[in-house]
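Me: I would like to learn how to read a model of this kind, feature by feature. Please give the general idea each time, then the case at hand.

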Amino acid sequence: MSLATLTKDWAATSYGFLDASAKRELRRKMLKAIAVPGCQMPYASREVPMARGWGTGGLQVTLTLVNPNSVVKVIDQGADDGVNAASIRRFISRVSGASETWDTLEATIVQSRHRVPEEIMRENQVLVLQVPNPEPLRGVEPNISIARQMHADADYGKLWLTLYEQIVRKGRIMQGAAYPSMVNGRHVMTPSPIPRWDVPKLNMSKHLTILSAGREKRLYAVPPYTRVEPLVFSDRPYLVEDHAALTCRRSGVSGFFMNELPQDGGGSVFEVSDSNLGIKAIDCADGAPDAIGDTWYRNGEFSA
Amino acid sequence: MNLISEPAALERAAPRLMRAEPLLRMTDISKRYGDVRALRGVDAVVYPGEVMGIVGESGSGKSTLLRMMNLEDTPDSGDYTLRLPGRENENLFDLTRYERRMLCARHIGIVYQNPHLGLLMKHSSSGNVAERLLIAGERSFEILRSKAREALDASEFPLDRMDARPIELSGGMQQRVQLAKAIALEPALLLLDEPTTGLDVSVQALVLDTLKRLQRDRRITMVLVSHDLGVIRTMADRVMVMRHGEVVEQGLADQVFQDPQHPYTQQLVHAKL
Amino acid sequence: MTTTPLLRVQGLTKTFRMYHLDSMLHAFEGVSFELHEGEFLLLRGHNGAGKSTLLRTIWRSYLPVGGHVFYRSQHGEIDLANAADVDIALLRREEIGFVTQFLNARPRVAAQDIVAEPLLLAGHSQTEALDQARHWLDQFGVRPELWRAYPSTFSGGEQQKVNLARALILPQRLLLLDEPTASLDVGARAALVRRLADLKAQGVAIIGVFHHPGDVSDLIDREINLNTRVVADHSREDEHVAV
């Protein structure tokens, strides 16, 4: 037995870009995060060939999860064809041999910036959300050490207080994206800046969601079939964005989360934010067998 | 004249008629900060509905003792029990941080001399009161609102300003917000740490009057720390006099002021008069 | 009398120790007497003889240095000379009253509320307490337009009336009076005597110090003279000289 038989030949990068020890750390932290739903786990956050703040947290998780049989979908605000999304998707397939897709139903890993796809995800799929700021308490407690104690003690009074203050000052809760949500009745997490529209999709979902912040070096998870409850007062119902009645000007679908395109005349037109859903709808209208899967919202009402 | 041979006041017996058990009992509390012995074997007993005054100069240990009653600090030795349902014989210093926080939120209210310690200055006044209720698990906005209004009203805070930020309010009003926050959950014990020190004399009288009213209407057990004998005399049923971390004398308020037994108390009382 | 006395004072002694003067002040020594329910005891003596001091020692504003004050409370007999502070506080709430010439007026508390307070503390309803309070304010001659006013602004005489109404509204078992008639007008003085006679008839035991004992001469059963160092009990028939 020689050293050569025990070691691998030198290569420019490891499989999936990250070296084995980095991936091992991430796997351990992901397991821990799954074990304590919603609790933030610190990790080392290695360098990847992308600037911090552009999805490095999500990318490291995806690179750890990926294998040659994976099918990877990457979306940026719902779109598969954004420069950032396309670049990340190509990078992942190039370093791992995984195949690429735009179709939510085909994907095994969906890495997303700020949206949850409209089609219902399954048990064998993983949603990886890119997180800019993982700490829901940052606004009320700038000291991270104290914020960790507050999580440990489930001391969320101040967080509730900010919601109370919003109603007192503005008449309604102003929190738009990143609505603080209680996971499994214990830890409050920020569900990354997904719109309020998407938060109910995480509640008791079939799929695993991993949320990862590369710059802040923390990740946390919502395991399958885990409660995710937005913090709301019992007599002030949780409201999602008022998009139920809007219709996509290109695909004609309605009852989904829309992008607003302001027009010169002062009005707006809308396009469905989940761009692949729009494409499927157009293909269906053209007679293609491109079936749209079950969606969380039906006719603008959350029904899953 | 040899004073030592003269008769001292009779030793007081243990309570015989009082049927109620003490609400608060602190036993042999000692605390050292470096070389400073902040508290030396302090005992304290407070009965339900009583106002216990603690007087002493700065550094006498009175505020340290109050902070311990609020479980903000633990002594080097000594026990602390509060007669709360299910916790009768528990040394509260043994509680975990979480248990301590929940116990304080539900059963102990405190008003600090410095409102910055007790209030979130940039949140609304009503929100400051509501926070207590939120910690205790209240999740209805309307109930939070009405209970905050109720507590502020009981503290004689002008309700048209209930959503003003404490930072915009006068010192007397800030103390009323602190008081409302402290009593919002009807605590078993209300701790007052120099609550009127630094206020104008007229404002001080009004705040003391509010405290008196609350005490009369709700029979809240209070522990009041002050270096101001006038405040103690107005408020307290019984008084503990502290010096250098020790209780040098305690008794009924009128007795301590009219017939002080310890040389230090005599000096204190005469200096005031 | 054959009943057990309400109060048995035995060898009560009070000295003040004044550290800043490095001296002692002897107030009284070896005072002994008994008091039954419905009895009115007058304390006599020249200025500084210790009349008020004795009252305050029984009330426990002053701590005695020797002797006993056995008091037969509703909860059992207790020695006031060394009873625990909380027991004294309890008795002051429920059984023993002390009337001085000074009103402890508080800012922003109306006269009728000050008077009604002892009843409220004893568990009477708000309406009943206020009715009673107005009745006694009226009896002592406080004009109705002052009932809702704050006594801190009243004259000394008016304050004293409020004070008496408050002190006497709730029948106690033992009443200590420290010159309550000072600064009272004739009408209020008469009302006070009427009220004291009522209370005495109800069985309240009273110990009083009066600048003009003549005001209450009809009520006095016995008196004690504090001019001598050691005080023994004197019966009224032998010693009392009407003023």
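Me: How many residues lie between β8(A) and β9(A) in their hairpin, and which residue in the turn has a positive phi?

Reply: Some conventions come before the case. This is a predicted model, in which local features need pLDDT of at least 70, side-chain atom pairs count only at pLDDT 80 or more, and totals for chains, interfaces and linings use all residues. Residues are numbered from 1 along each chain as its sequence is written, while chains are lettered from A and ligands numbered from 1 in the order in which they are written. Helices (H or I, at least four residues) and strands (E, at least two) are DSSP runs, numbered from the N terminus. The hairpin of β8(A) and β9(A) has four residues between the strands, and A:Lys217 in the turn has a positive phi of about 60 degrees.

Me: How many bridges join β8 (208-213) of chain A to β9(A), and in which sense do they run?

Reply: Two strands pair if DSSP finds at least two bridges between them. Here β8(A) and β9(A) run antiparallel and are joined by five bridges. A:Ala213 has A:Arg218 as its bridge partner in β9(A). Strand β1 (residues 41-42) of chain A is also antiparallel to β9(A), with two bridges, and there A:Pro42 stands opposite A:Arg218.

Me: Which residues point each way from β9(A), and are they buried or exposed?

Reply: In a regular strand the side chains alternate between the two faces of the sheet. A residue is buried if 20 or more other C-beta atoms lie within 10 Å of its own, exposed if 12 or fewer, and partly exposed in between, with C-beta atoms placed from the backbone. From β9(A), A:Arg218, A:Tyr220 and A:Val222 point one way, A:Leu219 and A:Ala221 point the other way, and all are buried. Five of the five residues of β9 (218-222) of chain A are buried, so this strand is largely enclosed by the rest of the structure.

Me: What is in contact with A:Leu219, leaving aside its neighbours within four places in sequence?

Reply: Two residues are in contact if their C-beta atoms, placed from the backbone, lie within 7 Å. With those neighbours left aside, the contacts of A:Leu219 include A:Met30, A:Ala33, A:Tyr43, A:Val61 and A:Ile210.

Me: How many residues does the largest nonpolar core have, and which have the most contacts inside it?

Reply: In soluble globular proteins, nonpolar side chains tend to be buried together. A nonpolar core is a set of buried Ala, Val, Leu, Ile, Met, Phe, Trp, Tyr and Cys residues joined through C-beta atoms within 7 Å. The largest one has 204 residues, and A:Ile210, A:Leu219, B:Val223, C:Val115 and C:Ala165 have the most contacts inside it. Domain 1 (20-133 + 178-225) and domain 2 (144-174) of chain A both give residues to this core, so it lies between them; such domain bounds come from an automatic or database domain assignment. A second, separate core has 11 residues, among them A:Leu246 and A:Phe256.

Me: How far apart are the C-alpha centres of the two domains of chain A?

Reply: The centres of domain 1 and domain 2 of chain A lie 26 Å apart. Four residues of domain 1 are in contact with four residues of domain 2.

Me: Is α5(C) mostly covered or uncovered?

Reply: Covered: 12 of the 14 residues of α5(C) are buried, C:Ala165 and C:Leu168 among them. What covers them includes β6 (96-99), α3 (111-121), α4 (126-139) and α6 (186-201) of chain C. The expected span of a helix is 1.5 Å times one less than its number of residues. For α5 (156-169) of chain C that gives 20 Å, and its end C-alpha atoms are 20 Å apart, which agrees.

Me: Which chains share the most contacts?

Reply: Of the two pairs of chains in contact, chains B and C share the most. There, 31 residues of chain C are in contact with 33 residues of chain B. On the chain C side, α2(C) gives the largest share, seven residues. That side divides into 17 nonpolar, eight polar and six charged residues; Ala, Val, Leu, Ile, Met, Phe, Trp, Tyr, Cys and Pro count as nonpolar, Asp, Glu, Lys and Arg as charged, and the others, Gly among them, as polar. No contact joins chain A and chain C, whose closest C-alpha atoms lie 33 Å apart.
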